[in-house]
Amino acid sequence: DENAKDGLIKKRPSKKRKKRRRRRSRWASWRSFAVIGVVIAAAVLIVCVILTTTNGSDEETAQVATTNGSPTPTSSPTMSPTIDPVTEASLDELVSGVSVSMGIDKSSSPEVEAIFTAAREKARDWMLTQDLLRDEILADPTQVRFTQRYTLVLMLFSMQFNSGDVEAIQDDILAAEESECSWTGVYCDDAIVEQTATTTIRLPVVRRIHWGEQNAIGAVAPEIRSLVYLQEFNVSYNSLQGSVPSAWFETPNSVNASALVPEVERNFYLPYLYLLDLGYNNLNGSIPEQLWSCPSLRFVYLSNNTFSGELPSDEYFKGSTNTPSPYLEDIWIDNNSVSGSIPFWLFLLTNLKTFIAERNSFGGALPEIDSLGAVSATLQVLDLSFNNITGSLPAALFQGIGLSYLYLDNNKFNGNLPNYEPLETSLLIDVWLHSNQLVGDIPQNFGADWINLKEFSLQSNQLSGSLISGCSTTPQLWPLLTLLEADCTSTAVGSPVTCDCCTQCF
């Protein structure tokens, strides 16, 4: 008892006190769990608020970037542009200004016109409802950006890339949030589009379009002519149909341009076009005469189509203010159905290097180019094979100091081989004259100046006499020779040709 009084020995607690202790212990545990739960909930709420704020800031940044015309917004826009009557009316007015109904002729077939009509509707709807740069472009006072953006959209739909897969066109090429200058195959440069005494406006303008090998099965819309700054247009190796209308290349004064906006000379002419490649398609109709007068034109590739008609006559250029482009360098019109005669003006082109017109329907005799003394010094390749050209071979063809490849086989040339004056520095490498109607003795020194000769074919004619010993003389006249063919067997029509260098006799 004394120890108890002194506090040395503790008394055992009563049952009631034990129960109260257990209750307090349980309450303390519950209270701890509640506090922890509140803390976790508060943390989750704070994180959600932070994430929501960040996302909102990103969306605002993306909207600002789109409004400023940035080609790479910070986030992908998900909302379509809003549409109001004023915007729609403004867009439709600009569309009508680019339309072919403003004076450009409609010379295509009903099927092709149907393609153009559908494409115009799709292009207009895309610009109105999906183009995220629409308002910025409509605000351009020069209208240059709208004209080129709308024209590119229209051409993409009219050409029907990927076998006409509209979704693929929109997904792979048409980037609604990007400048048209960043689209596939479109290349731009800055140019002065408007200049006054007080202001100068420079904008990126479409210079080059390279849409070759896109499995396109439609047609090129005539609105291409509104791309006034265009320099190169390459849509080769597709399956495009339709024709090439003269309106692509006519000067503004040659059409009814009274309703064109804003300025005719800036919207509907192709003064800078220097490369046109429409090769390997299914295009038809005549090659427009106006094409050859494009002032900057240098390279024309129209191979492997079904073009017909004739090349412009010499009278066409003499009787009009048109003249051929002085810069013409390469002309490829092979594997078509072009007819008529080869005109004289081609041989007057001072920069022409290559003229390939094999496998067409050209006829008549070659022009009197002997009056020139020699063909242009720049001409390197002349291929007129597989046509129906008649008459004698001009001596000037063998006197061109720059000519390296001459293919005149599979025609109806007749008469004797020309007895021309040999050159000191002839560059002829290939000379194909086989499968014609040439007759008579071979001139004594024919080919004596061809020191670079590799291939020479004369078979399937009615020639006689002897070829010079170009491979057996010392030094050899033809040290690079790999092919020499002639009618040098006993079965040849008429007298066989004597040839000690021939690689094959017929």
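Reader: Which residues form a negative surface patch?

Author: This is a predicted model. In it, Asp165, Glu167, Asp171 and Asp172 form that patch. Asp and Glu count as negative, so the patch is called negative.

Reader: Why is Asp165 called partly exposed?

Author: Its relative accessibility is 35%. Asp165 sits in the loop between helix 7 (161-164) and helix 8 (166-172).

Reader: What makes the contact of Asp92 and Arg124 a salt bridge?

Author: The N to O distance is 2.8 Å. The cut-off is within 4 Å, so the pair qualifies. Asp92 is in helix 3 (residues 85-98) and Arg124 in helix 4 (residues 110-129), 32 residues apart.

Reader: How do you know that Lys353 and Glu329 form a salt bridge?

Author: Their closest N and O atoms are 3.5 Å apart. That is within 4 Å, so the pair counts. Lys353 and Glu329 lie in two loops, so their pair ties together parts that are 24 residues apart in sequence.

Reader: Are Lys353 and Glu329 buried or partly exposed?

Author: Lys353 has 33% relative accessibility, so it counts as partly exposed. Glu329 has 13%. Buried means under 20%, so Glu329 is buried.

Reader: What makes helix 6 mostly covered?

Author: Of its 16 residues, 16 are buried. Helix 6 spans residues 144-159. Just after helix 6, Gln160 takes a positive phi of about 55°.

Notes:
Residues numbered from 1 in each chain as written. Predicted model: local features only at pLDDT ≥ 70, side-chain atom pairs only at ≥ 80, totals over all residues. Heavy atoms only, no water. Patch = residues over 30% accessible without salt bridge, like charges linked within 9 Å, V, L, I, M, F, W, Y side chains within 5 Å. Areas by Shrake-Rupley, 256 points an atom, 1.4 Å probe, with all protein chains shown as cover. Salt bridge = Lys/Arg side-chain N within 4 Å of Asp/Glu carboxyl O. Charge placed at Lys NZ, Arg CZ, Asp CG, Glu CD. Helix = DSSP H or I, 4+ residues; strand = E, 2+ residues; numbered from the N terminus. Buried < 20%, exposed > 50% of the residue type's maximum accessible area, 1.4 Å probe, protein only. Expected span 1.5 Å × (residues − 1).
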